[in-house]
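Hi,

Here is the structure I promised to pass on. Have a look, and my notes follow below.

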Amino acid sequence: MTQQDTTIDPCLTTLRDTDRDRYLACLLAPADKRPALAALYAFNAEIARIRDLVREPLPGEVRMQWWRDLLEGTPHGESLANPVASALLDAIEAHNLPRQILINMIEARIFDLYDDVFEDRNALEGYAGETASALIQLASIVLSPEDAARNAETAGHAGVAQAMAGILLLMPLHRRRGQVYVPQDMLAAVGLERDSFLEGTDKQRIAALIEIFCAHAQDHLEKARRSSLPAALSTAFAPVALVGPVLSKARRAGANILEQDIQIPLLRRHWLLAKASFLKRF
């Protein structure tokens with residue numbers, strides 16, 4: 001894809017600034033699938049960053065409702081002038097994407113606007129399933145509807161692992177906000193509570209917690225990897241190739257993850273995504 005092409009597509013332009021990994025995954029996809037994938041990923045980026053754009057939950061919920069209204073067929077007057085919204089509707093129409101999955105993604109993201117804690121790992125997995133897993137499944141439908149239907153469980157496990165890796169990457173930011181995405185049952189297992197985790201002084205317990213969290217994510221990753229992924233879906237799953245290295249860095253960081261940036265360097269992420277796309281394996 002040329003620089004001119006990426007400039008013309010507003011969704012790719014958005015992704016280049018808001019979600020570099022999925023932007024790169026789009027560039028690895030078949031050319032005829034890129035517009036729909038870019039629209040899905042740009043929509044995800046838009047709702048994922050709402051917490052960054054508002055100071056209070058209510059304005060965030062208003063923004064969420066704007067997207068919900070669009071998907072439910074009651075868009076606001078200016079909605080179709082939004083290039084991401086317009087492209088998303090085009091992708092839904094072209095690939096018969098289920099709107100309810102997209103609406104559920106919005107509903108799940110309301111959690112991001114508040115400072116609550118997941119009650120247990122099932123609640124965390126539910127959130128991951130309706131966000132990261134759903135996005136993988138929607139991308140799979142764009143790439144190959146038949147293969148997507150047969151690999152929904154793989155998308156489920158891969159998405160949970162990916163979402164948990166994302167939580168590890170964002171722990172310093174979440175801590176500054178007073179947010180905790182580690183579920184209450186994992187905190188309790190090592191003798192921590194929300195406030196003591198955020199305080200960050202009990203290094204030994206926090207390190208044990210990070211190990212439990214990583215082990216749970218690794219389990220989902222291994223379950224996803226057991227399936228024989230069709231080549232047609234490789235682009236949808238390519239970003240999951242970053243999960244393993246993130247988990248390794250998180251384990252090495254231990255309790256320091258609350259202050260330490262464990263993001264993989266961009267050049268290495270380029271290489272991992274390209275490798276996953278070429279080998280059809282994440």
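Is D21 buried or exposed? D21 is buried at a relative accessible area of 16%, where buried means under 20%, exposed over 50% and partly exposed in between (1.4 Å probe, protein chains only).

Before the rest, some ground rules: this is a predicted model, so local features need pLDDT of at least 70 and side-chain atom pairs pLDDT 80 or more, while totals for chains, interfaces and linings use all residues. Numbering starts from 1 along each chain as its sequence is written, and side-chain values use heavy atoms, without hydrogens or water.

Back to D21: its salt-bridge partner is R269, with the closest N and O atoms 2.8 Å apart. (A salt bridge here is a side-chain nitrogen of Lys or Arg within 4 Å of a carboxyl oxygen of Asp or Glu.) R269 sits in helix α18 (residues 266–279) and D21 in helix α3 (residues 20–28), 248 residues apart; helices are DSSP runs of H or I, at least four residues, numbered from the N terminus. R269 is buried too, at 9%.

By that rule I get 16 salt bridges. Another one pairs R175 with E259, also 2.8 Å from N to O. R175 is partly exposed at 23%, and so is E259 at 48%.

As for the nonpolar core (buried Ala, Val, Leu, Ile, Met, Phe, Trp, Tyr and Cys joined through side-chain atoms within 4.5 Å), the largest has 101 residues, and F43, W67, L168 and F197 have the most contacts inside it. Helix α9 (residues 121–143) gives the largest share, twelve residues.

Cheers

Terms used: Helices (H or I, at least four residues) and strands (E, at least two) are DSSP runs, numbered from the N terminus.
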